[in-house]
Amino acid sequence: MPWPRIISGIVAIAVALVMILLGGWYFTLGFGVLIFLGQLEIFALVKAKGILPAAKITLVVSQLLLITAHLSPPLADALLPLSGTFICFYLLFQPQVATIADVAASILGLFYGGYLPGFWVRLRDLGDTATTLPLGGFWPATWPPALDSLPYGLVVTLLAFACIWASDIGAYIAGKMIGRTPLSNISPKKTVEGAVFGMLGSMVVALIGSHWLQWPLWPATGAALGLMVGTSSLLGDLTESLMKRDAGVKDSGALIPGHGGILDRTDSYVFTGALVYFFVTLLLPLLSAS
């Protein structure tokens, strides 16, 4: 693996860990930057196809959705259809008559690039929002911090990220060593063997986490979480590959040395945040009550 790719990967992980640890507005605003850059790449891809989305207004309302997700998640859910309506209204009154593709690309940018990533903010905000810094930030009083003293949202977010990392590492190593069977024409380098070992890696990490957190029926819930994260991260990767393939580009951008654009490094996270959030807030309470 080239050194620029290794170094930029280490830096990205370090930045992600600091953002997750701080939480509060630090995490929200940091994610806002990622969402903004990711949406710019999405709109660049669709513009390469001759599509003209409502890029500027979508960028603005997506930031409002993210801020609202931190302040009041139910309100963010209510704002989503209003945002889509406003975007369509905006497109209707442009000098050039909008097409179905223009509307669809705008809503894609809003939902895929703005609304779904906002669930990571909701996940980080779960539980006791312990604050030791201004702007709702958290920093452990002692190092190394006692694991049982960390906010629940911080622990669950770290667990979800660790599952994605384990999935990526497992898929990469297995794909290089034993990968023989192509997984999909969308991404020819991906193999069935890599996908299987990626999901196994995610499941191992999730099982460790569910046991430590003492979730109800922890072997089953841990395995389910790991399988879900492994699957959703793979589908996120393939979805972005599909968009790049259709746009005729190799990478979504060139911002990160050795990795390409923001989307190339965050595609595995797009669907995962919402699934983990509802897994923790809906499924686990049902199992605890039964």
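My part is Gln214: is Gln214 buried or exposed, and what is its relative accessible area?

Reply: Gln214 is exposed, because its relative accessible area is 54% (buried means under 20%, exposed over 50%, and partly exposed in between, using a 1.4 Å probe and protein chains only). Before we go on, please keep in mind that this is a predicted model, in which local features need pLDDT of at least 70 and side-chain atom pairs count only at pLDDT 80 or more, while totals for chains, interfaces and linings use all residues. Residues are numbered from 1 along each chain as its sequence is written, and side-chain values use heavy atoms, with hydrogens and water left out.

Helices here are DSSP runs of H or I with at least four residues, numbered from the N terminus. The backbone of Gln214 has a feature to spot as well: its phi is near 55°, a positive value in a residue other than glycine.

You will find Leu135 in the loop between H6 and H7, and with 52% relative accessibility it counts as exposed. The loop between helix H6 (119-124) and H7 holds Pro144 too. Pro144 is joined to Trp143 by a cis peptide bond, with omega about -5°.

Helix H8 covers 192-213 by the DSSP runs. The unreviewed UniProt entry lists 195-212 as one of its transmembrane regions, with 6-38 and 152-174 also among them; such annotations use the numbering found here, with shortened feature names, and may be inferred rather than shown by experiment. In the model, residues 195-212 are 100% helix and 0% strand, with their end C-alpha atoms 26 Å apart. For residues 6-38, the end C-alpha atoms lie 21 Å apart, and the span is 97% helix and 0% strand.

H8 also leads us to an open space. The second largest pocket has a volume of about 360 Å³. It has 18 lining residues, and the closest to its centre are Leu147, Leu150, Val155, Leu158 and Leu159. Helix H1 (3-22), helix H7 (152-178) and helix H8 (192-213) are the elements that give two or more residues to this lining. H7 gives the most, with six. A pocket is an open set of points on a 1 Å grid over the protein atoms alone, with protein on both sides within 12 Å along at least five of seven lines; a cavity is a set where a 1.4 Å probe fits but cannot get out, and lining residues have an atom within 4 Å of a point. Points are joined across faces, edges and corners, and a volume is the space filled by probe spheres set on them.

What sort of residues line the second largest pocket? There are 17 nonpolar, one polar and no charged. Nonpolar covers Ala, Val, Leu, Ile, Met, Phe, Trp, Tyr, Cys and Pro; charged covers Asp, Glu, Lys and Arg; the others, Gly among them, are polar. Domain 1 (1-125) and domain 2 (151-289) both give residues to this lining, so the pocket lies between them. The domain bounds come from an automatic or database assignment.

H1, one of the helices in that lining, holds Val18. Val18 is partly exposed, with a relative accessible area of 41%. Trp139 is 121 residues away from Val18 in sequence, yet their C-alpha atoms are 9.6 Å apart in space.

The structure holds one cavity of 30 Å³ or more, and the largest cavity has a volume of about 40 Å³. Leu65, Leu66, Ala69, Ala76, Gly114, Tyr115, Gly118 and Arg122 line it.
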